[in-house]
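Please read the following note alongside the structure.

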Amino acid sequence: VTAVAVIAGGVGAARFLAGLVEVVDPSGITAIVNVADDLELHGLSISPDLDTITYTLAGAIDPERGWGLAGETWAAMDELGSLGGPSWFSLGDRDLATHLYRTGRLRSGATLTEVTAELTAARSLRLTVLPATDDEWRTRVTVSTAAGEHSSDTTHQHTEEISFQEYFVGRRHAVPVRNVRFAGDPTPAPGVLEALEAAEVIVIAPSNPIVSIEPVLAIPGIREAVAARRDQVVAVSPIVAGAALKGPADRMLAELGHEPTVMGVARLYASFAATLVVDDADDALAPAVEALGVRCVVCPTVMHGPSEAATLARAVLEAAAVDPGRRR
Ligand code: FO1
């Protein structure tokens, strides 16, 4: 069985994994998933990227939103709102079961790794889904705010540091980002470094480089483990023709001083990925990517469904010169 490790964020990574499981025996796949988007709300521990990947691979994801469960109802949120409780972060009635399960198990001493294994088994998934760490690790986003309401000073941009979900959902990621940092003192979850060592190919999934891939690599030990295998690392650009397919990745790259193109992605990834897969739309930039010392593979990377994702997964494995092996 071909061993593949995938560094993954949310929606883009989930779609890619839905294709990869068609091409490689899932028992050989380990997804190493960002947990710095996680939040505590209503006393519940919520892990959006773990849930997006689990729901997508179980065929249960809501296809329009890309998060949460299909056919969801919102009775609990509606009732909570009428009580005056916080309802800015929409938790569907069935999605709540996941958070109740996870929170109960964590409270009784289970690790996030253990709980994630239980939740993926409950949905009959055969790949291994690992949180990047079991420790507290949170993205903190510094955003520009309008000048203070009462101050006449309109020249100085005021900033404030908020949580990722406050930025992404609370502010609809519609405010400029001035800085991103990660708070915590994490170690890699059990099995993460082993999976990176054993993999025949390490894939950097088409997720947001700043707030999905970087928070995984920034966990001490992980960037080093990936960079040590640079020749086997294939990254898929989440930016196509200078734009993100979903979410604020292009704007965040620009706001933080990077080029919001495959060049910006290539520069961020050059130190640990020998190959970057870019969409046909960016074919003209391939020579410039290669001038950075990164091999550039050009192919369709926009995934509307599992068949296109499977084609992309095949291209990624070919780029790493890995035979996907018989799909049992
Ligand atoms: N994204 C939103 O834009 N609005 C929401 O109300 C929202 C709720 C939500 C609940 C559970 C969950 O797993 C994800 C949820 N997301 C929501 C997406 C979430 O913000 C993810 O972190 C992003 O998709 C980025 O990965």
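1. The structure under discussion is a predicted model.

2. The largest pocket. The largest pocket holds about 930 Å³ of space. Its lining is made up of 43 residues, and those closest to the centre are Gly10, Val11, Trp67, Phe168 and Lys246.

3. Helices around the largest pocket. Which element gives the most residues to the lining of the largest pocket? The answer is α2, which gives 5 residues. At least two residues of this lining are supplied by each of α1 (11–23), α2 (48–57), α4 (93–107), α6 (164–170) and α8 (209–217).

4. Sorted by class, the lining of the largest pocket contains 21 nonpolar, 15 polar and 7 charged residues.

5. Position of the ligand. Where does the ligand sit? The space that the ligand takes is the largest pocket. The ligand is surrounded by 13 residues, and the closest of them are Asp37, Asp49, Phe89, Ser90 and Gln165.

6. For Trp67, an N or O atom of the side chain is 3.3 Å from a nitrogen atom of the ligand. On its own the ligand has 530 Å² of accessible area, of which the protein covers 88%.

7. The shell around the ligand. Both α2 and α6 supply at least two residues of this shell. The largest share comes from α6, with 4 residues. By class, the shell divides into 8 nonpolar, 2 polar and 3 charged residues.

8. The second largest pocket. This pocket has a volume of about 260 Å³. It is lined by 15 residues, and Arg15, Thr56, Ile61, His304 and Gly305 are the closest to its centre. The elements α1, α2 and α13 (306–319) each give two or more residues to the lining.

9. Make-up of the second lining. The largest share of the lining of the second largest pocket is from α1, which provides 4 residues. The residues of this lining comprise 8 nonpolar, 5 polar and 2 charged.

How values were computed:
Residues numbered from 1 in each chain as written. Predicted model: local features only at pLDDT ≥ 70, side-chain atom pairs only at ≥ 80, totals over all residues. Heavy atoms only, no water. 1 Å grid on protein atoms, 1.4 Å probe; cavity = no way out; pocket = protein on both sides within 12 Å on 5 of 7 lines; lining within 4 Å. Points joined across faces, edges and corners; volume = space filled by probe spheres on them. Nonpolar A, V, L, I, M, F, W, Y, C, P; charged D, E, K, R; others polar. Near = heavy atom within 4 Å. Polar contact = N/O pair within 3.5 Å; in protein donor to acceptor, adjacent residues only side chain to side chain. Areas by Shrake-Rupley, 256 points an atom, 1.4 Å probe, with all protein chains shown as cover. Sits in = over half its atoms within 2 Å of the grid points.
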